Amino acid sequence: MKRSHIIVNSIMKLIHFKVFLSEIASFGGQIKKTAGRIVCIILSLMLTFSFTGCRSRDVVEVNLEKQDHDFLLTPCKKENGEAFTIAFMDLGPPIESSYLCLKGLAEGLQDSGYIDADVPLSLAPQDFFEYYDVLVNSDLGGYIKFCEEPYMIDEGDNKDIAKELIEKTNNGTIDVIVATGTDPGLFLKGLDLPVPFLVCLATDPVASGIIDSADDTGDPDIWALVEPNPYKRQFEGYYRMLEFDKILLVTVNGMDTITGNPLYREAADELGVNILELNFEESDMHANDYEDKIANGIRDANLTGIDAALFAYGTMDDDNADMLSSMLARRGIPSLVGDGDSICENGAMMCLSCFDYEGYGNYASMVLSNIFHGRKAGEQPCRYTSSPHVVLNMNTAEQTGFKCTFGFLQGVDRIYR
């Protein structure tokens, strides 16, 4: 028998804490003074969830650890008085998260004074390349500048990019590189360049081998942002909202580090949730018939007793979101995604993300400032804990039969129709 999921106003207590949690955990752009202590804060948030035919959980504990940090946020130039040159690298083509990280980086640099306050970043286009063009073509104020074009590697031969980076870092044309994603991070590490580089958006930079650990990167010129257990926290968040007993998990074999599949399985085991896995190969994702394969896989699966479907990173995208979510909605099954607001915009019912991409960029801007002041990249703090970010597609929710109160809708970050 299908459940009617009703979320009551008390979930607002969690949402109201989100800004507070974000400021404490990420110590983002507002940090202007130094501190040198570790603070562990345990918040007991009394949340009463009311579900038809579902259990309830009354207490949620949020553990926050504030690290040692010492950010020098006064803008500076190179010893010769010239501006620092920043190169930006991504795995092309850039997606929404890349744009948000670049935006957060630029705004953080502007908050610190590295970019002139008169540069109208808030009016820049909401597109990666157009936003980057604004950074390149604007007079930023003389402290920093960006390379004329971002470096976009692909899954093929990137020898030309490697050759150019080696040449420009050796002759001093590039002073530091900011990269988004696991593949760019590994690519840069393999080049062993004579300049520092920072890696954002790598799901697990430790497991992938970009850095040794969050406490010791293993290389003084390498820094990578580490988000502690984001997928496990996400699964637990979905569970507290929906209280599912059995879930369909759509995964890609061989991509556990990026998709977080082991963390989903671990969380499900701890919560007593049964998983029906629908597995695909990485080669399937790049095939022309991928949409047909995944649609047929869902159509042929035994979905009896399935309360929700969770699509790991890469399995649902903007193009297939409407088709897949509609297939599930007709059976009363909510479609949840591992990451991607735009996927919800195109049809997925909900994204509860534990990835603060703008915050990542903002945090990287502070690490950059320390590097500009002469500190080693590998000695900067790597941990960053994001606050939850909830996006809902109301059309799909209504098709699914998912009901929620006005109080919950007030706490959702973005609602799509």
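Buried means under 20% relative accessible area, exposed means over 50%, and partly exposed lies in between, as found with a 1.4 Å probe and protein chains only. The views below come from a predicted model, in which local features need pLDDT of at least 70, side-chain atom pairs count only at pLDDT 80 or more, and totals for chains, interfaces and linings use all residues. Residues are numbered from 1 along each chain as its sequence is written, and side-chain values use heavy atoms, with hydrogens and water left out.

**View 1. Asn 229, a residue with positive phi**. Asn 229 is not a glycine, yet its phi is about 45°; with 43% relative accessibility it counts as partly exposed. Its place is the loop between β9 and α7 (230-242), where helices (H or I, at least four residues) and strands (E, at least two) are DSSP runs numbered from the N terminus.

**View 2. Leu 201, a buried residue**. In the loop between β8 (197-200) and β9 (222-224), Leu 201 has a positive phi near 70° and a relative accessible area of 18%, and therefore counts as buried.

**View 3. The cis peptide bond between Gly 92 and Pro 93**. Omega of this bond is about -5°, and Pro 93 lies in the loop between β4 (84-91) and α3 (96-112). Most peptide bonds are trans.

**View 4. Glu 266 and its contact with Lys 232**. Glu 266, in helix α9 (residues 261-271), is partly exposed at a relative accessible area of 36%. Its side chain makes a polar contact of 3.0 Å with the side chain of Lys 232; such a contact is a pair of N or O atoms within 3.5 Å, and within protein one must be able to donate a hydrogen and the other to accept it, while residues adjacent in sequence count only if both atoms are side-chain atoms.
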